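Student: Hi, could you walk me through this model?

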Amino acid sequence: MTEEDRTQQRIWHRYTAADGTWRRKSGTAADKRPPGEDLTVLRKGLGRPAGTVLEMFAFYTCPIDDFAARRGEVSPAQEAEHIALALYGLHQQSQDRPMHRDAIGLGRAMRELRHHDRTSEAAVDSRFQQTFSATSTHALQLRLRGLITQLRDIKQPLDYNQLTSDILHWNRPDPRTRVRRRWGLDYYAWTQKPPAEQPRP
């Protein structure tokens with residue numbers, strides 16, 4: 001099974017169409033939404049290590065690292081997926097539209113939060129800076145939880161495939177730097193202005 005196949009099996013893809021709307025139930029006009037009990041199970045993973053919530057095993061899609069499993073450990077990929085699943089369970093809770101949306105990375109989503117009329121730009125800047133500065137996956141997880149709660153409050157979706165990848169890359173300095181760079185560019189796009197027109201001779 002390829003990485004793309006595994007990605008398509010994740011819970012947010014089971015219910016979200018390519019255009020960011022709910023998938024339709026087969027043969028009906030009704031929406032196909034994730035059951036509330038599934039989201040409850042995912043939220044049980046918040047703040048808990050991967051592999052310690054038995055009900056969540058049904059939602060894991062990444063391959064098992066047998067070597068790590070024999071030592072009672074999980075791989076970085078399993079840890080990243082676990083964190084993303086738990087955050088998705090929090091984000092999607094009580095929402096009437098999908099909170100997963102392809103191509104909306106964390107920096108872009110936070111930029112939308114910064115501009116929202118219910119938030120303070122300075123407060124959003126501060127919280128995003130704290131998350132941006134995290135140096136461990138554990139600290140990143142804790143800080144992302146607060147950001148996801150705020151994104152849920154304004155109904156701002158996020159690309160959970162990208163977030164899973166970002167969390168995975170947070171484990172190593174060079175990839176973490178690349179993630180930070182992308183987040184920063186997306187977040188501060190609001191400062192970009194078109195080049196001034198050159199005066200005509």
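**Overall fold**

Tutor: The protein has 10 helices and 2 strands, where helices (H or I, at least four residues) and strands (E, at least two) are DSSP runs numbered from the N terminus. This is a predicted model, in which local features need pLDDT of at least 70 and side-chain atom pairs count only at pLDDT 80 or more, while totals for chains, interfaces and linings use all residues. Residues are numbered from 1 along each chain as its sequence is written, and side-chain values use heavy atoms, with hydrogens and water left out.

Student: What pattern does the protein follow along the sequence?
Tutor: Read that way, the pattern is α-α-β-β-α-α-α-α-α-α-α-α. The radius of gyration is 18 Å, close to the 17 Å that the globule rule gives for 201 residues, so the protein is as compact as a globular protein of that length. That radius is taken over C-alpha atoms, and the globule rule is 2.2 Å times the number of residues to the power 0.38.

Student: And what does the C-alpha trace span along its principal axes?
Tutor: About 70 × 45 × 30 Å.

Student: How much of the protein is buried?
Tutor: Buried residues make up 43% of the 201 residues. Buried means under 20% relative accessible area, exposed means over 50%, and partly exposed is in between (1.4 Å probe, protein chains only). The accessible surface comes to about 11,200 Å², of which 50% belongs to carbon and sulfur atoms; such areas come from the Shrake-Rupley method with a 1.4 Å probe, and for residues only the protein chains shown count as cover.

Student: Let's talk rings. How many aromatic pairs are there?
Tutor: A search of the whole structure finds 9 aromatic pairs. Rings of Phe, Tyr and Trp (its six-membered ring) pair if their centres lie within 6.5 Å; planes under 30 degrees apart count as stacked, over 60 as edge-to-face and the rest as tilted. One of the pairs is Trp12 with Tyr88, edge-to-face at 5.4 Å centre to centre and 65° between the planes. This pair links distant parts of the chain, with Trp12 in helix H2 (residues 11-15) and Tyr88 in helix H5 (residues 76-92), 76 residues apart.

Student: Which other ring does Trp12 pair with?
Tutor: Tyr160, in a tilted pair with 5.4 Å centre to centre and 40° between the planes.

Student: Why does Trp12 count as buried?
Tutor: Because its relative accessible area is 0%. Tyr160 is buried as well, also because its relative accessible area is 0%.

Student: Which residues form the aromatic cluster?
Tutor: Phe128, Phe132, Trp170, Trp183, Tyr187 and Tyr188 form one cluster. The test for that is NZ of Lys or CZ of Arg within 6 Å of the ring centre and within 35 degrees of the ring normal.

Student: Where does Lys32 lie relative to Tyr15?
Tutor: Over the face of Tyr15, at 5.8 Å from the ring centre. Lys32 lies in strand E2 (residues 31-32) and is partly exposed, with a relative accessible area of 34%. Not counting residues up to four places away in sequence, Lys32 touches Arg14, Tyr15, Trp22, Arg23, Arg24 and Lys25; contact means heavy atoms within 4.5 Å.

Student: What covers the buried residues of H10?
Tutor: The cover includes helix H6 (106-115), helix H7 (121-132), helix H8 (137-153) and H9. The buried residues in H10 are Pro175, Arg176, Val179, Arg180, Trp183, Gly184 and Tyr187.

Student: Is H6 mostly covered or mostly open?
Tutor: Mostly covered, with 7 of its 10 residues buried. Cover for those buried residues includes H7, H8 and H10. Among them is Leu113, which counts as buried at 0% relative accessibility. Leaving aside neighbours within four places in sequence, Leu113 is in contact with Thr119, Val124, Gln150, Leu151 and Ile154.
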